[in-house]
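The sequence and structure are shown first.

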Amino acid sequence: MMLNYDIVVIGGGPAGLAAAIEAHKNGAENILVLERDRELGGILQQCIHNGFGLHVFKEELTGPEYAERFIQELKDMNIEYKLDTMVLDINEDKLITAINTTDGLIHIQAKAIVLAMGCRERTRGAIHIPGTRPAGVMTAGTAQRFVNMEGYMVGKKVVILGSGDIGLIMARRMTLEGAKVEAVVELMPYSGGLTRNIVQCLEDFNIPLLLSHTIINIEGRDRVEGVTIAKVDENRKPIPGTEKHFECDTVLLSVGLIPENELSKNVGIKINRITGGPDVNESMETSIEGIFACGNVVHVHDLVDWVTEESTRAGRNAARYVLGQLKSEDNIVEIKPGKGIRYIVPQTARLSNVEDKLLLYMRVDDIYENMKMVIKVDGKELRSIKKRHVAPGEMESVNILKKQLDEFEDIKEITVELVEEE
Amino acid sequence: MKSREMICIVCPVGCHLTVHEDTTAESGYRVEGNQCPRGAVYGVKEVTNPTRVVTSTVKIKNGLLPRLPVKTDGDIPKELIDECMKVINSVEVEAPIKVGDVIISNVLDTGVDIIASRSM
């Protein structure tokens, strides 16, 4: 079967939904969303806790509520979508190969593609935890899906490795459902999660957070019977003599997320070494013209609100591309992280496509107090923003007004760096 | 309580607050360590009447999934969270349900309803 669409969005989570809706609002008509799960909404459907939508809707919603608003809007616009559909391949000519049980193998020719595949959790295999291989070791997100959607309790006595937000949220969730969470164990000297989650998920329930600790052994033959943890030194190596043993039947892992870019890599899209996602320009377009990307497939976000914002830009620009409104330009501005900044998205910009402002998302490389973020254009300071507190777990954003950039000629480079406040 | 330490969660700065009993203050408490007025309000609320939104699931028959996500339609006192979970776990509903439908009204006489947080 051969189908033709103007824009095909791969992934029906928050990124894909926002991109498709915004593409439609900007005049694209023939849009198709491909989703491999049984329903739209992506990972939001299992995130039943609240705290979503504070920026986009100015109210605190749960994940399913946030998703439902976008799903309803998509349906009201009669945007087409296919569920239970797995994309196997995309090529440079924007020919998509996908498969599902109703249509069989399908080929879809698109004029533009939006990649919105999200990210995956790192697993035990990715971090090499020593020990036996019993049942009961799983990622926090897997447990979240079992408990919140399928109605299965995954364990009674739990140790959680990693203090990312999903791990913190699951510590509370497991406790509320009657499990005992012995501890959350974090390798780093600080938590990777949001402060509000440490307070509301751990402190409210007296769950200990052990910083600078890691699991050095998992025990048990058929089912997890316990773990040994140890303190780590500044090089993150376990310190002999600091071992502690916890009896438990479940180990949940919240040890990081990795953008899901198999399709992007196969088609030859340039992947950024630090973000793990495609390099993108001001229009959220990848290194292949007409293939756009947004959301966690580009870089891992901590708030879905920023995923939505980024994805509306991808969707709007995919529509502009299809309608021939996106300009190609010879002068490509490089956007580079300076001191204290780990990465900036987007990595490049063609200023003629920047409407009123250029929005940069970035993460810092450590915890800093009393700093300023200095934005420079070709080495000249454009402005600086005071920051009382920055942490790698909280994404930072910087807005640069177009009219400010217009005062410069032939810009080669924009940088952002952290400087100590005097 | 003479004084209590806590981390403020009003914004990402995460000030380390110390809340002291202080009979001379209007609220009866004095907050230290906050970098803004919102931190003082939060600190007093946390020691006088801490409240939370509770989110969980209830069993659902004939739905796409076997569980329906629910939430309290407002804050409830923190010490009622356990009791609230017991009430939530005793309920079973039947599809179709629309987002916002009241699943349990006036839970534990708090004046707060438990509502569906998705349609199914």
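## A salt bridge in chain A

A:Arg38 and A:Glu150 are joined through their side chains by a salt bridge, with 3.0 Å from N to O. The model is predicted, and the distances and areas below are to be read as values computed from it.

The domain assignment of chain A gives domain 1 as 1–121 + 256–324, domain 2 as 123–255 and domain 3 as 331–422.

## Domains 1 and 2 of chain A

The centres of domain 1 and domain 2 of chain A, taken over C-alpha atoms, lie 31 Å apart. Domain 1 of chain A brings 17 residues to the contact, and domain 2 of chain A brings 20.

About 1,400 Å² is buried between domain 1 and domain 2 of chain A, and carbon and sulfur atoms account for 46% of this area. Three salt bridges are counted between the two domains.

## Helix packing in chain A

Helix α1 of chain A covers residues 14–25, and helix α2 of chain A covers residues 63–76. The two helices pack at an angle of about 35°, and their axes are 10 Å apart. The crossing of α1(A) and α2(A) is left-handed.

From α1(A), the contact is made by A:Leu17, A:Ala18, A:Ala20, A:Ile21 and A:Lys25. The residues on the α2(A) side are A:Ala67, A:Phe70, A:Ile71, A:Glu73 and A:Leu74. Of the residues in this contact, eight are nonpolar and two are charged, while none is polar.

## The interface of chains A and B

In the interface, 28 residues of chain A are in contact with 27 residues of chain B. The two chains bury about 2,500 Å² between them, with 53% of the area on carbon and sulfur atoms. A:Glu68, A:Leu176 and A:Arg388 together supply 20% of the area that chain A buries against chain B, more than any other three residues.

Four salt bridges are found across the interface of chain A and chain B. A:Asp204 takes part in a salt bridge with B:Lys78, in which the closest N and O atoms are 3.2 Å apart.

## Domains of chain B

Chain B is divided into domain 1, residues 3–48, and domain 2, residues 55–116. Between the centres of domain 1 and domain 2 of chain B, taken over C-alpha atoms, the separation is 32 Å.

Methods: Residues are numbered from 1 along each chain as its sequence is written. Chains are lettered from A and ligands numbered from 1 in the order in which they are written. This is a predicted model: local features need pLDDT of at least 70, side-chain atom pairs count only at pLDDT 80 or more; totals for chains, interfaces and linings use all residues. Side-chain values use heavy atoms; hydrogens and water are left out. Axes are lines fitted to C-alpha atoms, for helices over the stretch in contact, and angles run from 0 to 180 degrees between N-to-C directions. Helices (H or I, at least four residues) and strands (E, at least two) are DSSP runs, numbered from the N terminus. A crossing is left-handed if the near helix is turned anticlockwise from the far one by less than a right angle, and right-handed if clockwise. Contact means heavy atoms within 4.5 Å. Ala, Val, Leu, Ile, Met, Phe, Trp, Tyr, Cys and Pro count as nonpolar, Asp, Glu, Lys and Arg as charged, and the others, Gly among them, as polar. Domain bounds come from an automatic or database domain assignment. Buried area is the accessible area (1.4 Å probe) that two parts lose on being put together, summed over both.
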